[in-house]
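Reader: I'm new to this one and would like to be walked through it slowly. Could you put it up so that we can look at it together?

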Amino acid sequence: MPATAPAQIELPPPAPPQSRRRREWSSIMQDRGLRLSSDTVLSWLTRGSSLAILGMLVTLLVVLTIAAVPSMKAYGLSFLTSSEWRPNELEQPRRGPDGKVVMEDGELVIETLPPQFGALPVIYGTAVSSALALLFAVPLSLGAALFLVRIAPRIKVSAPVSFLIEFLAAIPSIAYGIWGLFVLVPFLQGVEMSLHQSLAHVPGLHWMFYSTLQVGTSTVERPIAMTGRDMLCGGLILGIMVLPIITAVSRDVLSAVPRAQIEGTQALGATWWQSSWEMLRYSRSGLFGAIMLGLARASGETMAVTMVIGNNNQIVLSPFAPAQTMSSLLANEFAEASSELHRSALVQVALILLLMSLAFNVAARWLVVGKEARTAAAH
Amino acid sequence: MVRWFMSLAAVVLGASVASAEVRLQGAGATFPNPIYQRWVTEYQKSHPDVKIDYQSIGSGGGIKGITEKTIDFAGSDAPMSKKELDAAGAPVVHIPTVAGSVVLAYNLPGFKGELKLTGPIVADIYLGKITRWNDAAIAAINPGVRLPASAITPAWRTDGSGTTFVFTNYLATQSDQYKETVGAGKQVKWPVGQGGKGNEGVTAVVQGTPGAIGYIEVNYANANKIPHALMQNKDGKYVKATPESVAAAGAGAVQQMDKSLAVDIWNQPGADSYPIAAFTYIIVYKDLGYLKDGAKAKALVDFLGWATTTGQSLASEMDYAPLAAPVQAKVKEAIGGLIWDGKPVLAAN
Amino acid sequence: MFVVCVLFTLTILTILGLVIGYLIWIGAGSLSIKFFTELPSGKVADPGGMKHALIGTAVLIGLASLVGIPLGLLAGIYLSEYSREWWLASPVRFISDVLAGVPSIVVGILGYELLVVPLGRYNGWAGAMALAFIMVPIVARTTEEMLRLVPHSYREASLALGATKARTILRVVLPAATGSVVTGIMLAIARVAGETAPLLFTALGSRFLTTNPNLPFPSLTVQIFTYATGPYPEQKRLAWAGILVLICLIFVLNLAIRLTARSVRVAK
């Protein structure tokens, strides 16, 4: 072997100096010892937005509470139990204990009653209209949800039917209001008038067609005018509006029922209805959550109800009498509230509405999500 | 994406830059809304760069707006009460613009002829004591007409309303029981019936509900061909609401216009007077400094002057009664007293 | 019972048909080109058109999106990507869902107290911010759901290649979910386009074509409400035409959402 010196290894030329290459912002920052990187920026921005969402809820509660304080101080707990909503002052002659007017120096003594605000009629209105809505919507929705989960997949109509039912949810409230005002109200007017003619004499149904009224010292019984614009109409419109949400959530809840459960019942010889009933029973807390969501939506609904409910701020038991809900009261009176106290009372009503809807939403989420978590954990 | 953002920002910010046009924002009574909208359109023909927007939200909203200075002028059929004047802080001027009437419009399918009503009967209807159309009291004053046995649905205003103020004050003069049970005001608690928002809402309720009766401004009834009742006036005669009968009601008004131009003209004596008549006012502060712009002050004063002189010719066309000459003189005096920057606005011309 | 379920479903679909059918029928009979091109004339016999309201709604939605979309997007990114870093993520998710269910009229009152009273008058900003308040929870939750659907392998691969977390999110995860995130945004816009109650005492309404949000602002929904509850038949016809336009807009948005969602699923 010839003894040759090792060949000179050709090294590649040295890399060009760093300054000729465009540097990344982050590496410049690192060199300078600055901690701020795009990572941190994004992290703080997103964190800030999340805090903003928390802030939104807090702001809502705080602002409404502060604005409602004058009314809370003036009326206290009687706000929730009183039926008197009178925004004007009333001048009355003072009456003695015997009911006769008091005369001083030959003149009547006039006392001025300050405005009175009591929210019981609107709480009643919201409660009853929402209850009517659920009465109408829950059977229909559960039936449709069962259809979508059990029958529709086999005939391949689940996608279009789901789309159509969800489209019902996308229709704005005011469209329902217009439909209600021009279609449902005249229709109910006709229906109620014929009901009145045929059923008003039935003794057990007297409360539906007549209401008693206190006028001064006498009591008057009035026939309730069948106008179509009443609690029943409000309840029906609300029912139509909550159909899609109850259907959609029920469908999701029912489709999460494990197949093993259904197959088990079928193995034991259950009919179609019996196995469906088992599905409903198994997911009852989730279904209850769906109903709560519907309730939350129904109680907060404004425009459609305002247009068809008759706007009468009184408690009358008949479904054929006009009524008022919390949201329709706000829509009607807020823009022109005549005094600070009036506006504060309205904000207090809004606060009650908000707390009610928060309570329903929280309960619904807990029931629906909780059930899914428990189902997931069990498998 | 960036370019779209920039152009949107330009539209938004650029629109805030002052242009030659003057914008006035008014809000309030629905009672005069038809004629105010007509006036605004007519005025703009001769003054194209003055844009006046009037939102009819009810007298209560108008008074609230002018108190909080969220609007430039308020429309109201109800003069501001002592409490409201205190809340406003600065002196205000009530400028009567037209006189109008509140009528009882009714929906009685199949009923032909003209219905006659009296004040006490209407009070009892709204109290809930008279429940059917063929009640003895109504039949007694409408001899020879067949009244149906259907239930009466009284319709009323849900919002703070000058029309309600006028109507309830009239009823308070007609029935003591009414006065003590329901009272008078822009927004009262009605024992029975259904509510609507604005004159427009009550008209819609009456239109859509057989057996309904509602109190609305006469223009709304006539424009929608809804029949309204003849009311018995203080002299005992049954009068229909026309510009003439309203003018007769306002005949004596000038004598009371010493301290303030806000004068009640309901339940006035006179064989031809319509009993539920009222002026409607535009309310501004005496010192127009709150407008923050001399051009706006000038435009507002000019418009008010035009409306109470040239604009009056449109009044009777639209079923309102124009201001009588002595009242117009008082109004001119009041407009002359509006101040900008310490000096009367009109003197600057 | 099988029959009962089918019957109930058919009932719901029939109701949908009745509602939509009626609104389309009266809307189609009242719609004319004047609706889109004319401003209100002030005359009740011939009320003109609703051009001002259409532009007003577009501007209000634009302004609301300026605030609502970025806020919602960032919150959604946080809830999906950073949720393990902080204990507050779970409550925020919960509160987001709850906020989405707040009645819109209460949001309107909040807008009034916060933005109308201090500013001294009804203005378009208050209306836009009330709409933004409604948009944020919807955008946040849908963004979170869509980002969660992006497979973890994307993130892991990106991090393995040395990208920072921010780069991973912005350049890898978000682009992978663009279609569905846009779907969420369209959902929020469709919801907000139909809202009336929050605008009633914030933006109030106006007869004029307004582009200055410091003044009362017209909007399609409030204008429809005003005309529909009034007595004048010509104005009611305009209201019906407006409802048809509103429903078509929402239908188109919903259809686009469905198609985008389907194409996204197919692409996976």
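Author: Let me begin with a term we will need for the sheets: two strands are said to pair if DSSP finds at least two bridges between them. Please also keep in mind that this is a predicted model.

Reader: Okay, with that in hand, in what order do the strands of the open sheet in chain B come?
Author: The order is β5-β9-β10, three strands of chain B in an open sheet whose pairing is mixed. At the edges stand β5 (116-117) and β10 (238-239) of chain B, each with a single partner strand, so one side of each has no neighbour in the sheet.

Reader: And how do β9(B) and β10(B) run, parallel or antiparallel?
Author: They run antiparallel, with two bridges joining β10(B) to β9(B), which covers residues 230-232. If you want a pair of residues to look for, Q232(B) has Y238(B) in β10(B) as its bridge partner.

Reader: Staying in chain B, which strands does β3(B) pair with?
Author: One partner is β1(B), residues 22-28, which pairs with β3(B) in the parallel sense over three bridges, and there the bridge partner of G26(B) is F73(B). Another is β11(B), residues 277-285, which runs antiparallel to β3(B) and is also joined to it by three bridges; in that pairing I282(B) of β11(B) stands opposite G75(B).

Reader: Are the residues of β3(B) buried or exposed, and which way do they point?
Author: All of the residues 73-76 that make up β3(B) are buried, with F73(B) and G75(B) pointing one way and A74(B) and S76(B) pointing the other way.

Reader: Switching to chain A, how many helices and strands does it have?
Author: Chain A has 14 helices and six strands, and 52% of its 379 residues count as buried.

Reader: How far does α8(A) reach?
Author: α8(A), residues 231-255, reaches 35 Å from its first C-alpha to its last, which is close to the 36 Å expected for its 25 residues at 1.5 Å a residue.

Reader: Then where does it bend?
Author: α8(A) bends by about 35° at V242(A), and the proline P244(A) follows within four residues of that point.

Reader: What about the largest nonpolar core, which residues touch the most other members?
Author: Of the 297 residues in that core, those with the most other members in touch are L104(B), L117(B), I138(B), F167(B), V284(B) and L288(B). Its largest share, 15 residues, comes from helix α4 of chain A, residues 120-155, and the core also draws at least three residues from each of domain 1 (1-30) and domain 2 (33-267) of chain C.

Reader: Which residues is I138(B) in contact with, once close sequence neighbours are left aside?
Author: Leaving out neighbours within four places in sequence, I138(B) is in contact with several residues, among them L115(B), L117(B), W133(B) and I152(B). There is also a second, separate core of eight residues, including A200(A), F209(A), I224(A) and M226(A).

Reader: Last topic, how many helices and strands are in chain C?
Author: Chain C has twelve helices and zero strands. Its C-alpha trace spans about 70 × 60 × 35 Å along the principal axes, and buried residues make up 58% of its 268 residues. Among contacts in chain C between residues at least 6 apart in sequence, 73% join residues at least 24 apart.

Notes
Residues are numbered from 1 along each chain as its sequence is written. Chains are lettered from A and ligands numbered from 1 in the order in which they are written. This is a predicted model: local features need pLDDT of at least 70, side-chain atom pairs count only at pLDDT 80 or more; totals for chains, interfaces and linings use all residues. Side-chain values use heavy atoms; hydrogens and water are left out. Buried means under 20% relative accessible area, exposed over 50%, partly exposed in between (1.4 Å probe, protein chains only). The expected span of a helix is 1.5 Å times one less than its number of residues. The bend at a residue is the angle between axes fitted to the seven residues ending there and the seven starting there. A nonpolar core is a set of buried Ala, Val, Leu, Ile, Met, Phe, Trp, Tyr and Cys residues joined through side-chain atoms within 4.5 Å. Domain bounds come from an automatic or database domain assignment. Contact means heavy atoms within 4.5 Å.
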